[in-house]
Amino acid sequence: MHTPTTCFDSVASVLAAVGSDLGTTDWVSVTQARINTFADATGDHQWIHVDPERAKDGPFGGCVAHGYLTLSLANLFLPQLVSYQRLKMGVNYGCDKVRFPAPVKVNARVRGRGEVVAAEPVKGDGVQVTVRISVEIEGADKPGCVVDTISRLYFDQV
């Protein structure tokens with residue numbers, strides 16, 4: 001498992017990180033089994049995702065991951081990009097500007113690249129931070145997904 005190089009321990013440390021490059025995560029393979037499991041969880045069994053025989057004659061030459069599967073990998077990648085000390089509570093507040101610039105083909109390897117694009121104090125001595133995650137596809141010019149994730153973080157006071 002990838003060890004994050006960035007650690008936040010206070011509201012001030014998050015606010016000071018705006019503009020910071022968080023680096024990249026480990027590579028993850030997007031297997032047909034992962035795609036099928038996602039299809040089962042969401043009920044989205046469209047043939048471009050789950051029917052390899054039909055998909056090989058389709059627009060991508062084979063099965064591709066669901067866009068929302070690719071998006072969901074942000075949840076896997078975030079804790080590989082940042083760690084926390086003295087965090088009382090962190091909550092997912094949502095996402096902005098989700099895009100899927102390129103398809104993620106079955107068996108592709110992807111990783112997350114992170115950047116802190118915004119942070120602002122919120123009521124209750126917390127901070128709202130926006131981290132842009134780009135899901136890079138090994139060997140591809142464009143990412144499979146770019147999403148601005150929004151988290152609210154609350155730290156123990158020192």
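**View 1. The charged end of Arg152 sits over the ring of Tyr93.** The distance to the ring centre is 3.9 Å; a charge counts as over a ring if NZ of Lys or CZ of Arg is within 6 Å of the ring centre and within 35 degrees of the ring normal. The model is predicted: local features need pLDDT of at least 70, side-chain atom pairs count only at pLDDT 80 or more, and totals for chains, interfaces and linings use all residues. Residues are numbered from 1 along each chain as its sequence is written, and side-chain values use heavy atoms, with hydrogens and water left out.

**View 2. Ring pairs join Phe8, Tyr84 and Phe155 into a cluster.** Rings of Phe, Tyr and Trp (its six-membered ring) pair if their centres lie within 6.5 Å; planes under 30 degrees apart are stacked, over 60 edge-to-face, and the rest tilted. Phe8 and Tyr84 have ring centres 6.2 Å apart and planes at 40°, so this pair is tilted. Phe8 belongs to strand E1 (residues 6–8) and Tyr84 to strand E4 (residues 82–84); strands (E, at least two residues) and helices (H or I, at least four) are DSSP runs, numbered from the N terminus. Tyr84 is partly exposed, at 34% relative accessible area. The rings of Tyr84 and Phe155 are also tilted, with centres 6.4 Å apart and planes at 50°.

**View 3. Helix H2 (residues 32–42) has the buried residues Gln32, Ile35, Phe38 and Ala39.** Buried means under 20% relative accessible area, exposed over 50%, partly exposed in between (1.4 Å probe, protein chains only). The face turned away from the buried side carries the exposed residues Ala33, Thr37, Asp40 and Ala41. Just after H2, Gly43 takes a positive phi of about 80°.
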